[in-house]
Amino acid sequence: MKLFDIIREMDGEEDGMKGLGRNSYDLTIQSTETQAAIDALNDIDNYGPYAQSMRDPEAIKKMFGPSIPAQKAGAAWKNWDELDDEGKTNKLADIAAREPQEYEAGLKEAEKGYAAWQAEGNEGTIEEYLKTLSGKALPKMIVGKFGKNYFPLKTPANLKKYSGKMEEGVHYIVNGDEITFPQKDSPFATKSYLEKVVKTIMDNAGVKYSVLRVEPKDTETVPGATKAAPSEATVSFKVTLDPAKIKGKRAEINAIIQRLKNTYDKNFEYSNNVIVINKVKNQQAKLDLIKLFAPYALKATPTVNEEFLRMQKLAGVITEAEYKHGAAQLWYEEYANNLEVLLNKLKSTVENERGEDI
């Protein structure tokens with residue numbers, strides 16, 4: 001997986017239209033509040049007007065019936081005949097809750113047939129009797145004129161109940177502190193449109209995040225697509241996990257390890273809480289690994305040098321102030337070491353000269 005700098009790639013097309021021949025990079029967001037971001041994606045109230053884009057047209061038609069009133073009664077009969085016992089029970093309860101007076105009138109209408117059904121030796125409530133009827137034989141007040149009682153009204157409030165949300169593993173993939181939205185599975189046609197949706201969701205939930213671009217795997221080259229930057233020299237990564245920090249988080253750690261093992265295959269090693277990854281794609285990928293394991297890493301005494309401090313700063317493990325302090329400390333230590341060497345040389349020279357005088 002190649003990680004790139006934050007790039008604003010404009011599709012140059014109207015919202016909701018396919019960006020054919022455009023950039024081939026998936027939208028990825030990064031947040032220190034990963035769980036809060038996932039919770040935001042799971043809360044339909046955060047989607048605002050974009051929730052309607054997730055509706056299944058067939059499910060909407062099945063729930064509210066055809067848009068043409070004259071077709072609704074026939075659709076109601078057909079729908080009733082397709083329902084199982086539980087479905088019919090739920091539908092009757094739904095009608096009773098929405099249209100209580102007309103539902104009661106429908107039960108009155110059914111009393112004669114219910115009595116005959118009981119006379120045949122059948123037992124059960126009047127609702128049990130209704131469930132034995134075909135859709136066309138249902139009391140007219142149960143179905144309503146043009147199916148108005150059978151199907152709920154298509155109001156904004158009712159539609160909201162059947163709006164959808166993005167599903168993890170389908171519309172987005174969680175990887176550590178990153179959430180990637182594969183464009184090929186996106187219900188939103190262009191990335192610029194998807195970014196607006198994600199911004200709305202996160203802003204409504206109060207979640208802070210930044211945007212990355214990740215090159216999707218196994219995608220065909222699209223004419224006109226933005227080309228990836230040349231690969232940097234591969235680097236290696238090693239971290240020792242702190243037993244105290246991973247206590248109680250074994251499932252989370254195992255999931256991360258399995259994901260990395262799948263990604264790096266033979267270049268991944270894990271033993272005795274030590275993770276080694278050879279041939280990491282580039283420095284940016286290594287920085288992401290450093291950030292990923294920072295909460296779990298054993299605070300061993302590293303070989304501190306300028307490059308080490310720089311990597312720690314870039315990965316966000318240390319602040320700018322800590323970096324400057326560390327660099328100053330290194331300079332002082334190097335100065336002290338050099339001074340000690342010079343003093344030892346001076347001492348040795350003086351002693352030699354004294355020996356020669358004697």
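Modeller: A salt bridge is counted when a side-chain nitrogen of Lys or Arg is within 4 Å of a carboxyl oxygen of Asp or Glu. The model is predicted, so local features need pLDDT of at least 70 and side-chain atom pairs count only at pLDDT 80 or more, whereas totals for chains, interfaces and linings use all residues. Residues are numbered from 1 along each chain as its sequence is written, and side-chain values use heavy atoms, with hydrogens and water left out.

Colleague: How many salt bridges does a search of the whole structure find?

Modeller: One of them joins the side chains of aspartate 94 and arginine 98, at 2.9 Å from N to O. Another pairs lysine 165 with glutamate 167, with the closest N and O atoms 3.4 Å apart. Over the whole structure, the number of salt bridges is 7.

Colleague: Which parts of the chain does the pair of aspartate 85 and lysine 131 tie together, and how many residues apart are they?

Modeller: The two side chains meet in a salt bridge of 3.2 Å, N to O. Aspartate 85 belongs to helix H4 (residues 85-98) and lysine 131 to the loop between helix H6 (126-130) and helix H7 (140-143), so the pair ties together parts separated in sequence by 46 residues.

Colleague: Is lysine 131 buried or exposed?

Modeller: Buried means under 20% relative accessible area, exposed over 50%, and partly exposed in between, with a 1.4 Å probe and protein chains only. Lysine 131 has a relative accessible area of 11% and is therefore buried.

Colleague: What is the strand order of the open sheet of 3 strands?

Modeller: Two strands pair if DSSP finds at least two bridges between them. The edge strands, each pairing on one side only, are S6 (235-240) and S7 (268-271). S6 is joined to strand S8 (residues 274-280) by 5 bridges and the two run antiparallel, with threonine 240 opposite valine 274 in S8. The order of this antiparallel sheet is S6-S8-S7.

Colleague: What is the geometry of the rings of tyrosine 172 and phenylalanine 181?

Modeller: Rings of Phe, Tyr and Trp (its six-membered ring) pair if their centres lie within 6.5 Å; planes under 30 degrees apart count as stacked, over 60 as edge-to-face and the rest as tilted. Tyrosine 172 is buried at 0% relative accessible area, and phenylalanine 181 is buried at 1%. Their ring centres are 6.0 Å apart and their planes lie at 45°, so the pair is tilted.

Colleague: Which residues do ring pairs link into a cluster?

Modeller: The structure holds 6 aromatic pairs. In one of these, tryptophan 117 and tyrosine 129 are tilted, at 5.8 Å centre to centre and 50° between the planes. Both tryptophan 117 and tyrosine 129 are buried. The cluster linked by ring pairs consists of Tyr114, Trp117 and Tyr129.

Note on methods:
Helix = DSSP H or I, 4+ residues; strand = E, 2+ residues; numbered from the N terminus.
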